[in-house]
Amino acid sequence: MKALSSIYTWADERLGLDDLLHFAQKKRVPEHAHSAWYYWGGISLFFFLVQAITGVLLLIYYRPGPDAFESTRQITYEIHFGWLIRSAHSWAANLMIAAIFVHMFSVFFMKAYRKPREFGWWSGMVLLLVTMVFGFSGYLLPMNELAFFATKVGLDIPNSLPVIGHKIATLVRGGPEVNEFTVQRFFALHVVVLPALFIPLLGFHLWLVQKHGNAVPPAEEAKPPAQRKSIPFFPNFMMKDLAMWLIALNVLALLASMFPWDLGAPADSLKPAPTGIHPEWYFMSSFQVLKLFGQWFPGAAGEALGMILFTLGLVMWFLIPLYDPSGKSGQRARWATYFGLFALSILLVTTIWAYAALN
Amino acid sequence: MNYPFWNVPHIGSGWVIGLIAIFHVMISHFAVGGGLYLPLAERKALREGRQEWLDIIRGHSKFFLVLTGVFGAVSGVGIWFAIGLTNPEATSTLIHNFVFGWAIEWVFFMVELSTAAVYYYTWNRVSAELHLKIGWLYAVASLFTLVIINGILTFMLTPGDAWLAVAGTGHEASRFWQAFFNPTYWPSLFLRMAVCTSLAGIWALVTCSRIDGTQKPKLKTGLVRWSAKWLVPSFVAMPLLLGWYLWQVPESQRALLSFGMTTIGTGAFTQVTRTVLIIVMTSATIVGVVYFFAWRSPTEFSFSHALAVLLLGLVATASGEYSREMLRKPFVIGRHMFSNGVRERDMARFNAEGYLTHSPWITTNAPALARGEIMFRGECMACHTTDGYRPMKRLLAGRDREAIGNLLGMLHDYKPDSPYHAFMPPLVGTKEEIAALGDYLATLSQPAVAPDTAPAKPALARR
Amino acid sequence: MSKTVSQSPGQESPPDTDVATRRAFVWAALGAAGVCYAGAIGYPVYRYLASPVERAEAESAVTEVTLKDAQKLPLGSVLMFKFGPRPSMLIHHQDGSWVALSAVCTHLGCTVQYQPARNVIHCACHGGEYDPVTGKNISGPPPRPLTRYVAKVTDTGVVVSRT
C-alpha cells in the first residue's frame, strides 16, 4: 500500500493526477427518473472498444481478396478460440448498433439536442451512419454465401438512383459483380478509412459531452433547482457505468459463446441466391421502403422516389435542433415528440413488415 | 410411439417447456426465498421498531402475492401441460411413480397460496404476533413445495439403483422413497435453496429501488443493504454446492462436460460446459453489480439498476436449468428412458418388430417418405428441428444419402465406444424404417452443389 | 459480515480495525474477480494468438516426404508420419500394395488409426471408418474420404507426395 501511494505521488507530481481526480469529483451527473438512459452512450462506447480489440485480433489472421473465405474458415475452425473472437466481433457489432439506436432515441425524446448541444446531435448522427457503413462493409468480409448476396442486394439501393446510381454501384463494387475486388476495397474501408473517420469524430462527440455535461429532460428542467438531484461523476457515476459495462460484457459473452456466428457456405456467384436473402436488420427498414415504392410506382421511378423520401426524412431528423421551436424556451414541444414517435413507428413497422415479407 | 407427436416448428417442443420453466423458476424460487424474507424482515422491523420498514414490506407482500399467486401458479401448471404434450411417455412414468408425491405437493401448494393471500390481507387487521405466525406458516408451506418437487426433478437425472431394479415390473411405486431421495436430491435441494435466498434478495431490491432515496435516505439505505445481504450466503456456498451436485451426478453424465474439450482441438467447449461457465460468470457479475449499485450507493439505487440485476439473475437461472437438462442426455429419465421417449429395455423389441409397427398413428401402407418423416418426428424431433433449433438442414448440410446412411447406421449400432453414445439416444427400428428415415433426411440435407468446397466441419462450434 | 448497517440510535460505530478488515476483504474479493475476468478474456486471446506457433508453421509448404527405410515395413502394418504438419499414415497392405493417406478425420479433425485385424481405418473420436485402400468414408459421421497421397517405393525408402 505504501509503495502504491508513493508511485501515485511520483506520477501525480508529473502528470497532475490529483487535479484530474478533483475535476472528476466536482463534475456532477443529474439523477432523475430517466437517468437510466444516460448509460446507453457508454454502452455503445464499450461495444466500440470491443469491436476495436476483436477487430485487431481478427486482422491477425484474416486475408482479404481471394483468400477471404478460406482465412475466415481457418479463423473459425482451426485457430484456437477463433470462433469466439469472430462471434464476439459479429455480436458486438449488432449490439453496438442497437445500443446507438437506443442512445439516439433517448437523446431525441429527452430533447438533449437543444442549444447548446446541436453539435453533439450532429456528430452522433454521423457516428451512427459511419457505424452502419462499418456494419455493411464488415458483413461482406467473410465472403460467404449470405454476405455475398446480402451485399449484392444492398448495393441495389444506390443502383436505383437515377443517372449516377449505376456508376456509384459499380465503383463501390469494383466491377459489375461482387467479387474479390469488392472484398479488398471493403476491407480497406472497414479497417482504415472508417476508423480514421470514426475515432476523431468520437473524440469530438465525447469532448462535447464533457463540455456541456449531461442534458436533463424538459420535465426535469421545469423543477426548481433545489429539487433537482445529481451525483458526482467520480466515483458514483463511473462505478455505475463500469457495472453497466460489466453487464454488457456478460450479455456479449453469453451471445458469442452460446450462439456462435455461422460461417456458412463459400460465396459462389453461379449458384442461385438462397431463398429469403436479406440485408442486416438495421437496413431492413430502408430495404422495405424501397421495395414498397418499387411496387407502388412501376419502373425505376418508384425506387428513386422511395430513396428521396427516405433521405428527406433523414435530413429532417438530422436538422431537428434547428427547427424544434422549444429550443430556447425549454418547454415541451409536443410535436417534436410526435415526430420522434412517428419516425420510431415507421422504423419498427417497416422492419417487421420486411421480415414478415420474407416468409 | 403410443402417443401422437407434437410438432412445434422452429423452436421444437422442448423449448416450449424450457421457456415456461425458466419463467416459472424465476418466480417459484422467489416464492420460496421470499417466504423466508417476508417474516424475517417483518420480525426485524417489529423488534427494532421500524414502522417505515413495515409499510415497505407490506407493499412488497402485495407484489409478491400477485407475482407468485398469478404468474407463478399459472406457469407452474403450464409446465405440466407442456410436458404432457411434449414427452407423454416420460410424463406417464412420472405420474405412475409419483402420483402421491404430486398429491402432497398440491396440498402444500394450496396452503402456500392461501397463506400468501391471508398474509397480505391481514396486515394491520390481526395482532403483529399472529401476522408474523402466518408469515412463518407461509414460509414452511412454500419451502415444502420445493422439498417435494425437488424429489421428482432430481429423480429424472438420477433415479437411483433401487428404482431402476424394479423399473418396468409394474412395482415402481414400491420404491417411492428411494426414488424420491435419489443421489442428487440433497445437493440439488440445497443448491435450489441457495438460489431461492438470492432471488428473494434480488426481487426485494426491485421493491426497494422504488423508495425515494432523497426523501427517505435512511430507510432506503437500510432496506437496500439488508436485502443485498441476502445474496451473500448463496454466493459463498454456491461453488461448494455445485461441486457436491456434480460429484453426485453419474460419471457418464459428467463426461458430457469435458467431452468437447477432448475431441475438438479448437478450444470450443461443449454447449453444457460453456453454459456452466456462463453461470459462474453471471453469478460473479451479480455480486459485483449489487456491490457497486446497491451497497456502495444505496440511495441512488434505481429501478433500472434493479432490473439489470434481475436480468443477470434470469441469465444465471436460465443457464442453470438449461445445463441441468443437458446433463441428462441422452436420457429423459436417467438410464431408463431416452430423450425421445424410447425405454432402454424396448430397444431390442423395436429393432426386431419395428418402431412404427405398433403405432396407432400411422397406416401400414403409408409411402416410405412419409414413414421416414414420422420416424424423424418420433425419434429425432424431441431434440432436433428441421430448420430451427439444432436444425437437420444445417447439421446434415453437404452430406449425401450415403453419408447420412453411415451416420444413421452408427446411431443404430449404439456401440458403447461410440461418442454419440454419450449424448444421443440409439436409433431404433427395422432396416426399412431406418432407410425410410435416411431418404427423408436426404431431402432435408440438400446436397451442396460443390461438396468439395463445403466447410469441413460445419457442426463444430454448435454442439 | 453479521453487522447491520443501519445507523439506529444506540448502536456503536464499528471499531476501525473491523472496517479495515472488511475493506481489505472487499478489495481482495474484487481483485480476485478481476483476475478471473482477466483470465477468462486473456486465456482465449493468448491461445488465439499462439495458434500458429502451436501448429507447425510450415502448413502446406511440404509437397514431398521421404520416409527412410520405410520399404522394410512388414505386410499388413502401418507407419504413422507427418506430412508437413499433418499426421499421415503409410499402409503396407497384405497384397503388397502401398497406400499413403492423410490421418486427419474429415469429420472433426481427430487423428485416425489403421486397424489391421478388421482392415479398416477407424476414428476413435466419433467412430468414423474409412476404407484403408481408397480412403473412402464407409461408416459413421465423416462427410468426405481421407486425402490420398502418392507413395513411391525406392531402394532406400518410400517417397510420399501430393497427387
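Q: How many Å apart do the C-alpha centres of domain 1 and domain 2 of chain C lie?
A: They lie 47 Å apart. This is a predicted model, where local features need pLDDT of at least 70, side-chain atom pairs count only at pLDDT 80 or more, and totals for chains, interfaces and linings use all residues. Residues are numbered from 1 along each chain as its sequence is written, with chains lettered from A and ligands numbered from 1 in written order.

Q: Where do the two domains of chain C run?
A: Domain 1 covers 15-54 and domain 2 covers 64-162. The bounds come from an automatic or database domain assignment.

Q: Which elements does chain C have?
A: One helix and ten strands. From the N terminus, the order is α-β-β-β-β-β-β-β-β-β-β. Helices (H or I, at least four residues) and strands (E, at least two) are DSSP runs, numbered from the N terminus.

Q: What share of chain C is buried?
A: Of its 163 residues, 25%. Buried means 20 or more other C-beta atoms within 10 Å of the residue's own, with C-beta atoms placed from the backbone.

Q: Switching to chain A. At what angle do H6 and H7 pack?
A: About 135 degrees, with axes 8 Å apart. H6 spans residues 118-140 and H7 residues 145-154. Axes are lines fitted to C-alpha atoms over the stretch in contact, and angles run from 0 to 180 degrees between N-to-C directions.

Q: Which residues meet there?
A: A:Phe136, A:Tyr139 and A:Leu140 in H6(A) meet A:Ala147, A:Ala150, A:Thr151 and A:Gly154 in H7(A). Contact means C-beta atoms, placed from the backbone, within 7 Å.

How values were computed
Contact = placed C-beta atoms within 7 Å. Buried ≥ 20, exposed ≤ 12 C-beta atoms within 10 Å, placed from the backbone.
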